[in-house]
Amino acid sequence: LFPGHLEGEGTHSFFVTDTVEVDRNVTRHLPSALERTDWKILTLHYLGLDHVGHTGGVTSPLLIPKLQEMDNIASHIYHVLAEQDRERGTR
């Protein structure tokens, strides 16, 4: 769709019973993506939470741990970017 502009792996995302593997692949690339400075927008296609919803709904025992995982990732991204801003002297 956007040759030379998007990075990714050939992970198949249509196995809705997989609530872990695609997310691990995204998270695995997160540190190197956050270190780079050649991007203006970063799209992270996490699917585990959506898959939990489709397979188990709001009563799934996987829901709370997956929400906590996503909260931790969002917090990590925020703190890394905030530190980079401090290092650059920007706000």
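Author: Welcome! One idea first: a helix axis here is a line fitted to the C-alpha atoms over the stretch in contact, and angles run from 0 to 180 degrees between N-to-C directions. In this predicted model, helix 1 (residues 21-35) and helix 3 pack at an angle of about 5°, their axes being 11 Å apart.

Reader: Why are helix 1 and helix 3 called roughly parallel?

Author: Angles under 35 degrees count as roughly parallel. The angle for this pair is about 5°, so helix 1 and helix 3 are roughly parallel to each other. In their contact, D23, T27, L30, L34 and E35 of helix 1 face residues of helix 3 including K66, E69, M70 and I73. By type, the contact residues are 7 nonpolar, 3 polar and 4 charged.

Reader: Which residues meet where helix 2 and helix 3 touch?

Author: From helix 2 come G48, L49 and V52, and from helix 3 come L63, K66 and L67. This contact divides into 4 nonpolar, 1 polar and 1 charged.

Reader: What makes up the lining of the largest pocket?

Author: The lining has 10 nonpolar, 10 polar and 5 charged residues. There are 25 lining residues, and L6, E7, G8, L42 and T43 lie nearest the pocket's centre. The volume of the largest pocket is about 1,000 Å³.

How values were computed
Residues numbered from 1 in each chain as written. Predicted model: local features only at pLDDT ≥ 70, side-chain atom pairs only at ≥ 80, totals over all residues. Heavy atoms only, no water. 1 Å grid on protein atoms, 1.4 Å probe; cavity = no way out; pocket = protein on both sides within 12 Å on 5 of 7 lines; lining within 4 Å. Points joined across faces, edges and corners; volume = space filled by probe spheres on them. Nonpolar A, V, L, I, M, F, W, Y, C, P; charged D, E, K, R; others polar. Contact = heavy atoms within 4.5 Å. Helix = DSSP H or I, 4+ residues; strand = E, 2+ residues; numbered from the N terminus. Parallel < 35°, antiparallel > 145°, perpendicular 65-115°, else oblique.
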